[in-house]
Amino acid sequence: MSDDVISTVTGIVAGEFGLPAADIGPDVDLGSLEGADSVKVLRAVAKIERTYDIELEDDQVFGLKTVRDAATLVVATLAEKEPSGGGR
Amino acid sequence: MAEPMNEPTTLHGALAAAARRAPATPVTFHTGREQVTLAELVAQSHAVAGALAAAGVRRGDRVGVLCQNEADFFRVLIGLGVLGACACPFALPTMARDGYAERISGIIAAAEIRTVVLSERLARLRGVLGTALDGITALSTSDLRGEHPAPPDSEVTGDDDLIVQFTSGSTSAPKGVRLTHANVLACLDAIGSAIELTGEDSAGNWLPLFHDMGLFGSLAALHYPIPLTVWQPSVFVKDPAHWLKMMSDSGITACPMPNFAYEALARAVPEDEVADYDLSKWRVAFNGAEPIAVDTLEGFLEHFSPAGFRPESMLPVYGLAEATLPVTFSVLKEPPHADWVDRARLAATGEAIAVPRDAPGARGIVSVGPPVQRMAVRVTDPDTGVTLDERIVGEIEIRGASVTPGYLHGEQPFTEDGWLRTGDLGYLADGELHITGRRKEMIIVRGDNYYPEDVEAAVRTDPAVHRRRCVAYLDETAERMVLVVESTAPDTDDLRAHLRAKVSAATGLDDIRVVVAGPHAIPRTSSGKLQRLASRTRFG
């Protein structure tokens, strides 16, 4: 997996949670971060969607626990998008 | 089946009557871009009842419901009602989190659920549910389609349970609030009448349907009936400004939201874009389910005034699952108002002494209005049970047609003379209720509830905790959970950080104060139980 995606997602999560990016390792349980709540999670998801121009369904987000999970989903979603020529 | 001429006593009876009055009323679901008429929704619900009966569901059964904000949520709920069975809506997770599967398991056990209906859109949820559905008949909503003969009349009455709400209670002891058909109809009547619904209205909702305000707010629209538009919660939270545009373009006149959502809207729409919105049709902006902050409320009114939002449209309300939903609504067609009282006196003696707003130490408490129809409210001394005068803080007690007959299990919330103890604190002033403190032993952070029992369970077996002695409680002034543990180890930053991390991993709650005390420091009752209230006095 691209380290770029992990670092971008980490930055987004850090921004939404108001925490230093250094505190959010790729395998940290996001639910255990200080001040974690469903609203912040969804706001981070929204920002990830805008950054990569993708759409993530709620039930895809159900399965996410860490930054690495989110980055994997982003990469998979981008890969699905590509065969149709990418972009919209 | 023809409904008798007298008033319907069941939800499905009432909705069938509504569908006869206005069959073409549109019900629109953003998820799946599904639109049905009320008549279709009611007919489909009866077909689902037939399918549920064929799957073995019988009168009196309790059935778990895992659906998003989608038409199937209503079809299954109404269908279960037709059979005289009872729906237990399960909360959906936002993301994978420890404890979700355990919570579902706990509810399944507490409600003796043998069948769960899972939305076909939520197949991925099975991974998150782990073993929670082992041994349970799991039906997909896709199994409930097709032609099924409507079941014979099950002779359901208003006293049959329709819903058991599990929105309150800890994971260790989930509280199932029983709601009968009669409770639900009383709730829907009260909402419609309090906001003077007319056929010109149109309702919108993005709150989760497993939450009381989302569910009964939506059902009130179907019951009148008026058009209803339902979004997923994520549609609002991900992009509040876009949602507001859709909502105002749809001509929606009534929509419920909690305090944090009004704040999110004011932040999402820049000042120079407010005038692009037309909020002049928004007649009833319910504001409930969370403590209402004066500055958030006033900030919203000021921010959206250029969009034509009228102050009198903002309707602070108070409700709880035990009342089906509504207890008090502020006065329609009047702007919301706050009561300014002396903060120190309120905290020290429980007296709400009115002071000027600009007085030093003034605390503004938003009025949530008088009781809705067929509901009574009194404020009593939590220790003696004596009814208190106006402007004295006590426990809020309620009695009325939409109040639950009780919890499925465990200690019942009623006084000897039959009033329901809400656990919330407040006072009456000029007949209007003012909430000063939330439930004594629970904290709400952005709509998620956290319980001391779960915080205690997270650390009880930690080696640093002496003989499993710990107690958690809410510091109401700081609106923060406090955890006190007895330990033979020295009180260090590391130990406190370790305990905080354990609580956070288990419950998701991180903002807690940890107190490390010596053995025997936590006060006990004569029965040996650790006492939360006494601890609060000792440790602050």
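Modeller: In helix H13 of chain B, the buried residues are B:Pro452, B:Asp454, B:Val455, B:Glu456, B:Ala458 and B:Val459. That makes 6 of the 8 residues of this helix, residues 452-459, so the helix is described as mostly covered. A residue is called buried if 20 or more other C-beta atoms lie within 10 Å of its own, exposed if 12 or fewer do, and partly exposed in between, with the C-beta atoms placed from the backbone. Helices (H or I, at least four residues) and strands (E, at least two) are DSSP runs, numbered from the N terminus. This is a predicted model, in which local features need pLDDT of at least 70 and side-chain atom pairs count only at pLDDT 80 or more, while totals for chains, interfaces and linings use all residues. Residues are numbered from 1 along each chain as its sequence is written, and chains are lettered from A and ligands numbered from 1 in the order in which they are written.

The domain assignment of chain B lists domain 1 (38-156), domain 2 (203-437) and domain 3 (443-539); such bounds come from an automatic or database domain assignment. Between the C-alpha centres of domain 1 and domain 3 of chain B there are 37 Å.

Another covered helix of chain B is H3, residues 71-83, with 13 of its 13 residues buried. After H3(B) comes B:Gly84, with a positive phi near 80°.

Two strands of chain B treat their faces in contrasting ways. In strand S11, residues 254-257, both sides are covered: B:Ala254 and B:Pro256 are buried on one, B:Cys255 and B:Met257 on the other. S11(B) pairs with strand S12 (residues 284-287) of chain B in the parallel sense, over 4 bridges; pairing requires that DSSP finds at least two bridges between the strands. Within this pair, B:Met257 is opposite B:Asn287 of S12(B). Between the two strands the chain passes through helix H10 (residues 259-268) of chain B, and this β-α-β crossover is right-handed: with the strands pointing away from the viewer, the path from the first strand over the helix to the second runs clockwise.

Strand S17 of chain B, residues 375-380, has B:Met375, B:Val377 and B:Val379 on a covered face and B:Ala376, B:Arg378 and B:Thr380 on an uncovered one. In a regular strand the side chains alternate between the two faces of the sheet. S17(B) runs antiparallel to strand S18 (residues 394-400) of chain B, joined by 6 bridges, and B:Val377 has B:Ile398 as its bridge partner there.

Most residues other than glycine have a negative phi, and most peptide bonds are trans. With 12 C-beta neighbours inside 10 Å, B:Lys333 counts as exposed. The peptide bond from B:Tyr224 to B:Pro225 is cis, with omega near 0°, and B:Pro225 belongs to the loop between helix H7 (212-223) and strand S10 (228-230) of chain B.

Last comes the partner chain. In all, 27 residues of chain B are in contact with 23 residues of chain A, where contact means that the C-beta atoms, placed from the backbone, lie within 7 Å. On the chain B side, helix H5 (125-129), helix H8 (233-238) and helix H14 (493-507) each supply at least two of the touching residues. That side divides into 10 nonpolar, 7 polar and 10 charged residues; Ala, Val, Leu, Ile, Met, Phe, Trp, Tyr, Cys and Pro count as nonpolar, Asp, Glu, Lys and Arg as charged, and the others, Gly among them, as polar. Chain A itself has 4 helices and 0 strands, and 34% of its 88 residues count as buried.

Conventions:
Two residues are in contact if their C-beta atoms, placed from the backbone, lie within 7 Å.
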